Amino acid sequence: MNKKTIIGIIIAVIIIIADVVGYAMLSGNNESENTMQGGTNTENSTQVADSNTMESENLVNETTDEATNNTNTTENTTTDNQENVLIIYFSETGNTEKFANIIHDQIGGDMFKIEPVTPYPEGDELFDYTREERDENRRPEIQGTIENFEQYDTVFIGYPIWWYQMPMIMYTLFDNYDFSGKTIIPFNTHEGSGEGGTYEDIAELEPNATILAGLPIRGGNMQQDQTENIRTWLSELGF
Ligand SMILES: Cc1cc2nc3c(=O)[nH]c(=O)nc-3n(C[C@H](O)[C@H](O)[C@H](O)COP(=O)(O)O)c2cc1C
């Protein structure tokens with residue numbers, strides 16, 4: 001072998017080694033890119049968690065706006081057996097009831113309307129009465145009971161925002177029934193507070209339930225047809 005051949009072989013070996021090392025580095029990069037993507041996702045959810053102080057682990061994600069503007073991803077939870085769906089709602093002036101009826105029209109299931117044993121006063125008196133109820137952390141009694149509550153896997157829970165939170169009668173509901181192992185899908189109406197942190201409140205009240213992305217709609221907007229808005233949200237949830 002002359003000197004030229006030896007140099008040629010050395011160059012060839014260097015090229016092969018460079019190729020192998022280069023590929024290894026590239027696949028390493030891809031791997032770390034994947035990991036980073038995973039990391040980024042986690043980071044995103046952490047950001048969601050950070051932006052909602054005290055984010056509970058069972059709150060799958062948060063909807064901060066109406067379905068049309070909802071950019072959050074939603075975990076798919078196709079419910080094959082519609083018989084296992086229950087829609088519970090409380091509605092004093094009818095907005096949340098309309099919302100509940102649209103959900104029911106779309107996906108069926110059973111309904112339970114929360115009604116207080118002692119009816120709420122009407123007009124201006126309702127505001128003073130309910131503020132006092134909240135300040136005193138009362139638990140107004142609910143009429144009747146939900147039959148065969150244990151048979152339901154997926155429970156939609158709807159309410160208006162009262163004094164920046166859920167009406168106290170909703171706390172009675174969570175005191176009276178154990179939602180452990182169930183999937184809760186909150187929905188609410190409001191006049192500016194959005195969901196007001198109530199989905200997080202539910203996640204804390206029911207730590208052993210899974211809370212999916214809820215949907216807040218302005219009460220005033222319930223005067224227009226919200227079917228499409230609600231349909232979009234439901235399909236994002238896998239219904
Ligand atoms: C006593 C009372 C307190 C309310 N407090 C709030 C509130 O803090 N934030 C908000 O956005 N809307 C508030 N609202 C508006 C209701 O959330 C809104 O009108 C809702 O759509 C009513 O739902 P319903 O018709 O199903 O009862 C309040 C309404 C009442 C009657």
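A residue is called buried if 20 or more other C-beta atoms lie within 10 Å of its own, exposed if 12 or fewer, and partly exposed in between, with C-beta atoms placed from the backbone. This is a predicted model, in which local features need pLDDT of at least 70, side-chain atom pairs count only at pLDDT 80 or more, and totals for chains, interfaces and linings use all residues. Residues are numbered from 1 along each chain as its sequence is written.

Q: Why is glutamine 226 called buried?
A: Glutamine 226 has 21 other C-beta atoms within 10 Å; the definition asks for 20 or more, and therefore glutamine 226 counts as buried.

Q: What makes Ile102 a contact of glutamine 226?
A: Two residues are in contact if their C-beta atoms, placed from the backbone, lie within 7 Å. Glutamine 226 touches Ile102, Ile217 and Asn221, leaving aside residues up to four places away in sequence.

Q: How far apart are glutamine 226 and phenylalanine 99 in sequence and in space?
A: They are separated by 127 residues in sequence and by 7.9 Å in space, C-alpha to C-alpha.

Q: What makes a set of residues a nonpolar core?
A: Its members are buried Ala, Val, Leu, Ile, Met, Phe, Trp, Tyr and Cys residues joined through C-beta atoms within 7 Å. The largest such core here has 40 residues, and Ile184 is among those with the most contacts inside it.

Q: Which residues does isoleucine 184 touch?
A: Not counting residues up to four places away in sequence, isoleucine 184 touches Val155, Ile157, Phe179, Ile202, Glu206, Ala209 and Ile211.
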